[in-house]
Amino acid sequence: MNESGNELSPEQQQALLDIGQAINSIPQKQPLLEKVMDIAAEAIKAERGFLVLKDGDSNTLRMSVALNMTEGAADSIIKPSASVVNKVLQENTPLWTVDAQDDPRLSGSQSIVNLKITAVACVPLILKGETIGVIYLDSTINRQRFNESTLSFLQAFANQAALAIENARLIEALQIENRMLHTELQRTYGFPEIIGNSTKMQAVFDMMSKILHSDISVLLEGESGTGKELVARAIHYNGHRRDYAFLAQFCGNLSESLLESELFGHKKGSFTGAISDKRGLFEIADNGTFFLDEIADISPTIQAKLLRVLQEGIFRRVGDTEDRKVDVRIISATNKNLRIEVEKGNFREDLYYRLNVISMTMPPLRERRTDIPVLVHHVLKRIAEKSGQKIRKIEANALKALTRYNWPGNVRELENTIERAVVLADNSSITTNDLLIPESSAEGLTPRTLKEQEKEIVLKTLEECEGNKTRTADVLGVSLRWLHYKLSEWNAGKTKQQA
Ligand SMILES: Nc1ncnc2c1ncn2[C@@H]1O[C@H](COP(=O)(O)OP(=O)(O)OP(=O)(O)O)[C@@H](O)[C@H]1O
Ligand SMILES: [Mg+2]
């Protein structure tokens, strides 16, 4: 038995099963709706029809498929308040007639008269007891199939279709959400100017995307040229303060009075040379981000003033008595270890904790050698774009030498090296000779036996190359076979010791 109270014939039941399977395998909503409409029209031999769905929560109807009729014609059937569609929607039961012209239930539809429609069938699409839409079918000639039994079949089919439509809707919603998440991911990980695929750089990107939209202070530590300022800018320009200023102040090697007046401004006459009132950079950076570069060297007076900005958002211009309010996010950087400066008594501990709510350490280039080839390409591409010439090629040996070198000046040194090499190489490919970097870069090893040193260098390089043996062999200038041989030799030694 079905909802209309009629039993389906075995053939009809089988057809229903087949159809159910067919429509459930169409994941996109629109193709599914079209298929549903085709099957329904075929079942009842209708010439025309349409399928409307309720639009989300707003109960308005959305024309989803029109079969052999214009949307305008379909509209003229749906629109009248006493239309057959509205009746079915309100009563949640199917409606059919083979005498449309004289059927009192359809008397409200002028279009049925105008279009000379004789047979009409209209079934609700019911999902969990609620009507989510309607299938409407009609004919001007064929009325044989517009009967109770076919209609029962049609209703059973509509129930299945409603489920399939709901599934397709869910899949579509998931796909949209997925796409949104994907863009979000791209946006938060989208720091195209910062190059690096190594796990160490991935960790940096990870952390950046987490702190982007907050206001917490960030301390960037790392050797010279590792990209601290680059990261500070990226945090600002990808975060919610991006529409306000990003200001940077280098704090190392500056006299205290000069730095103080730069940062906080001064009042006219507060010192010789203060010929007018001057706004400080903190005021200019209001609502934006302030990057304090080389923070480790600032004097106790400035440390105290900075602490007040961080704690209360308040500061005073030099020589002024008025407190001023600012709202700035502070990112600071140092290539010293600030913790050690605190222990030595050079840096206030309370300020250290305020600056260092989150700290990030930029990895030196020699600890992410896998990034060197992409960085080299990035720099070559930038040079080419600037000069309007083709990207300069680099010989394989030269690239090897670059991956082997220790880069004490990190990415900045790499940039300078490449820029210089492009000039030296004239119009040909860059060779090792154009690089002007020392051949060997195995530094900082305590004197030990050759075998011990060999093992230490190999394992260290392997770690720097994140376990990538091909790269490690490349960097060391040895064959992959040699590397495998050595690793298994040391491994065997280890198991012997353990045994
Ligand atoms: N991951 C990177 N991808 C692309 N370019 C980088 C990267 N890291 C650094 N650079 C480039 O290297 C140069 C130095 O970077 P930056 O000035 O940010 O380093 P820094 O850590 O602030 O150095 P310093 O301590 O000397 O001030 C810049 O030209 C910067 O664009
Ligand atoms: Mg810097």
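Which residue just after α9 takes a positive phi? In this predicted model, that residue is Gly 265, with a phi of about 80°.

Helix α9 covers residues 256-264. Its buried residues are Leu 259, Glu 260, Ser 261, Leu 263 and Phe 264. The strands are β7 (246-250), β8 (265-266), β9 (278-279) and β11 (314-315). The helices are α10 (281-284) and α11 (300-312).

Now step back to the domains. The domain assignment gives domain 1 as 10-174 and domain 2 as 199-363. Domain 3 spans 367-434, and domain 4 spans 450-498. Taken over C-alpha atoms, the centres of domain 1 and domain 4 are 72 Å apart.

Next comes strand β13, residues 329-334. Six of its six residues are buried, so the rest of the structure largely encloses β13. In a regular strand, side chains alternate between the two faces of the sheet. Each face of β13 is covered. Arg 329, Ile 331 and Ala 333 are buried on one side. Ile 330, Ser 332 and Thr 334 are buried on the other.

Two strands that pair with β13 are β6 and β10. Strand β6 (residues 218-221) runs parallel to β13, with four bridges between them. Here Leu 220 stands opposite Ala 333. Strand β10 (residues 289-293) also pairs with β13 in the parallel sense, over five bridges. There Phe 290 stands opposite Ile 330.

Turn to ligand 1. Its shell holds 17 residues. The closest are Ser 224, Gly 227, Lys 228, Glu 229 and Val 411. Two helices, α8 (228-238) and α16 (410-424), each supply at least two residues of this shell. By domain, domain 2 and domain 3 each give at least three residues.

An α-helix has 3.6 residues a turn, so residues three or four places apart point the same way. Asn 92 follows α4 and has a positive phi, near 55°.

Most residues other than glycine have a negative phi. Lys 45 is not a glycine, yet its phi is positive, about 55°. It sits in the loop between α2 (29-44) and β1. Lys 45 has 16 other C-beta atoms within 10 Å, so it is partly exposed. Leu 436 is not a glycine either, and its phi is also positive, about 55°. Leu 436 is in the loop between α16 and α17 (450-464). With 10 C-beta neighbours inside 10 Å, Leu 436 counts as exposed.

Val 478 lies between α18 (469-476) and α19 (480-498). It has 15 C-beta neighbours inside 10 Å and so counts as partly exposed. Leaving out residues up to four places away in sequence, Val 478 touches Ala 473 and Leu 483.

Technical notes:
Residues are numbered from 1 along each chain as its sequence is written. Chains are lettered from A and ligands numbered from 1 in the order in which they are written. This is a predicted model: local features need pLDDT of at least 70, side-chain atom pairs count only at pLDDT 80 or more; totals for chains, interfaces and linings use all residues. A residue is buried if 20 or more other C-beta atoms lie within 10 Å of its own, exposed if 12 or fewer, and partly exposed in between; C-beta atoms are placed from the backbone. Two residues are in contact if their C-beta atoms, placed from the backbone, lie within 7 Å. Domain bounds come from an automatic or database domain assignment. Two strands pair if DSSP finds at least two bridges between them. A residue is near a molecule or strand if its C-beta atom, placed from the backbone, lies within 6 Å of it.
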